[in-house]
Amino acid sequence: MPVAITTPGYRYCHKLNHGLSASISALSTAKKPMVTTASSSGTTSNAGAFTTIKETVTFEKEIKKSKFIAIAGPISNEQSAHSFLNQVKDPRATHNCWAYKVGDQYRSNDDGEPSGTAGKPIHSAIVSSGLDRIMVVVIRYFGGIKLGTGGLVRAYGGVASECLRNAPTCLVKSKVPMGVEVPFDLLGVLYHQLQSFEAEDIKQDYDTGKDGTTMVSFKVEFDRAEKLEEAIKANCSRELVFYKH
C-alpha cells in the first residue's frame, strides 16, 4: 500500500531567500543532460506571496515490482536544490529523477529514463500543486518489469503528486525593505508601530540622518507596507521621509 511519511527537521518557512541565481550550472550528479525551461508568462514571483511546503515529505509506492519513493522538500534557489538532491538521492537506486521550481525558473532531469518520462511529469505535478520553492526527487528501484513510456509518465507523475498532496504547507509573504528618517524624540513612537506591524531586521544608522535625526531601516510584509507608513505618519504628526527599495 502507498505510504506517506512526514520527516521533521527541514524547516524553511520562517525566512526564505527569494533570489534565484542568474547563472545556472549543470548538476554534476546527472546521468543525462537536464531539461531547462523558462516560463513564458514573463512574470516574476519575487514579490507578493507564495505557498510552499514546511518540511521534507516522503511517499512510497510499488508499481509492477518497481519501488518508487518520492521525496519533496522546500528550497530557495539552485544551490539549495543541489544540496537537497545530494541529501536524499540513493546511489544504489536505478534512477534518481527530479524536478524543482523556484518562481518562474524550473529544471528537471530524467536520470537515465527515456527522455520526458520522469523529470517532466514530476515538474507537471509541482505546477499542478500550486506550490513554489520546492523540489521533488523520485527514486526508482527497478523490479524487472518494464513500464513503457506511458507507464513511466504515470508512475513518476503519480507518486510526485501524491507526495505533494500529503505535504503540510505554509504561506510565505515577501518582505519589503523600507527606511525612514526620524527625529530622536519620535523613536519610541516609531518602534511601537514597527512592533505592531511585526517589522523585521530593524537597524538604526546615526550617521545617515541629519542633526537630531537617525535613519531607521526595516522590512515588513509587502501587503502591510502602505498601512505601516500611514500609521507612522499619523502617530508621529510630522512630515517624514520614507525610502523604499
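Me: What makes a stretch of this predicted model a helix or a strand?
Reply: Helices are DSSP runs of H or I with at least four residues, strands are runs of E with at least two, and both are numbered from the N terminus. The protein has five helices and 13 strands. R133 is found in the loop between α2 (119–129) and β8 (134–141).

Me: Why is R133 called buried?
Reply: Buried means under 20% relative accessible area. R133 has 1% relative accessibility, so it counts as buried.

Me: Where does D201 lie, and what is its phi?
Reply: D201 lies in strand β11 (residues 200–205). Its phi is positive, about 50°, although D201 is not a glycine.

Me: Why is D201 called partly exposed?
Reply: Partly exposed covers the range between under 20% (buried) and over 50% (exposed). The relative accessible area of D201 is 38%, so D201 is partly exposed.

Me: How many of the residues in the protein are buried, as a percentage?
Reply: Of the 245 residues, 46% are buried.

Me: What share of the contacts joins residues at least 24 apart?
Reply: A contact means heavy atoms within 4.5 Å. Among contacts between residues at least 6 apart in sequence, 76% join residues at least 24 apart.

Key: Residues are numbered from 1 along each chain as its sequence is written. This is a predicted model: local features need pLDDT of at least 70, side-chain atom pairs count only at pLDDT 80 or more; totals for chains, interfaces and linings use all residues. Side-chain values use heavy atoms; hydrogens and water are left out. Buried means under 20% relative accessible area, exposed over 50%, partly exposed in between (1.4 Å probe, protein chains only).
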